[in-house]
Amino acid sequence: MKSEAKITKELIKQHNLSDEEYNKVLEILKREPTITELGIFSAMWSEHCSYKSTKKWLKTMHTKAPWVICGPGENAGVIDIGDNQAIIFKMESHNHPSFIEPYQGAATGVGGILRDVFTMGARPIANLNALRFGDIDHPKTRQLVNGVVSGIGGYGNCVGVPTVGGEINFDKSYNGNILVNAMTVGLADKNNIFYSAASEVGASVVYVGSKTGRDGINGAVMASDEFKEGDEDKRPTVQVGDPFTEKLLIEACLELMKSNAILSIQDMGAAGLTSSSFEMSGKGGTGIELNLEKVPQREIGMTPYEIMLSESQERMLMILKPEKEEEAKKIFDKWNLDFAVIGTVTNSGRVVIKMNGDIYADIPSAPLSEESPEYDRPWI
């Protein structure tokens, strides 16, 4: 097992893990983590990925009805609307990234939410938003409003999905932390919904979309952090979106979805390759082995830590039927997108991260994706 750094108390603190959470890491691994493993736990147990402070409240919501095809737990919700059609929809916040870098923070919020919807087989047909800004006279408010509104409109317009509704409120309680909620609605055939569980042992794990770079590393952890004045220096942790590539990705994925090639599919959103691989493995009750040297990279000398935690945009992870790999590659080549077989589904129940033959992480997937901490925070 290789680690690129010694684990110190300072390093644990930098990764936003409490003493109790780090002790749980030791309990799960039965040893000290490598730096790559520490980064993986930090991202997966961040507020942004695990909802550890909101799970308590989300569980109280009404999620079952005869017309609900898929409730919580997947990339997006699915509702039967009759005539063999389903509406697929998702809403998500991109608050901290938008506070730091208003245009890209809001734009990548829209990009991520679009991917959550077309991942499940739907063509996105509408975007919506709900925004909360600080006092209208606050010196930062005008810049934030202009950046966020431009980012939402810019990304959605380039992809060709209209913003059909939204709401905006101003209140001084949001002076230090704005709320940027993006929503996408998509339309799909009811009998052609795609899910994310990696269930077929021996099948290939395939990476598609844009190349991986160093943008957005630790973005999920930043998005979960408490904010204070001067935190704008966290800009490098905000991802940079490319809506034109996203448009190609939508068309390539929807074309492949007609071919009966996909066993499961997951958006690489917050925490990138980490969340997608662990969630697919955890939901499928399987394991995944990844060979990171095969990941398409746009920067030289990236470490396993950087590759696993990069939040470069416009990327997806798929499990494909082995006999359909060539057909799938031709589709992604046609749309000028990267296509690479980077791993295999195993029956180990663990995600094993290798690079050039060396192991950098070996973690049971279920505790990481299903047993994140849960808190009951004070509230007003």
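Tutor: Start with helix α7, residues 102-118. It has 17 residues and reaches 25 Å from its first C-alpha to its last, close to the 24 Å expected at 1.5 Å a residue. The expected span is 1.5 Å times one less than the number of residues. Helices are DSSP runs (H or I, at least four residues) and strands too (E, at least two), numbered from the N terminus. This is a predicted model: local features need pLDDT of at least 70, side-chain atom pairs count only at pLDDT 80 or more, and totals for chains, interfaces and linings use all residues. Residues are numbered from 1 along each chain as its sequence is written, and side-chain values use heavy atoms, without hydrogens and water.

Student: How many residues of α7 are buried?

Tutor: Buried means under 20% relative accessible area, exposed over 50%, partly exposed in between (1.4 Å probe, protein chains only). In α7, 16 of the 17 residues are buried.

Student: How do I read a sheet?

Tutor: Strands of a sheet pair through backbone hydrogen bonds, either parallel or antiparallel. Two strands count as paired if DSSP finds at least two bridges between them. Here 7 strands form an open sheet with mixed pairing, in the order β8-β10-β7-β11-β9-β12-β13.

Student: How many bridges join β7 to β10?

Tutor: There are 6, between residues 204-209 and residues 315-320, and the two strands run antiparallel. Ser 204 has Leu 320 of β10 as its bridge partner.
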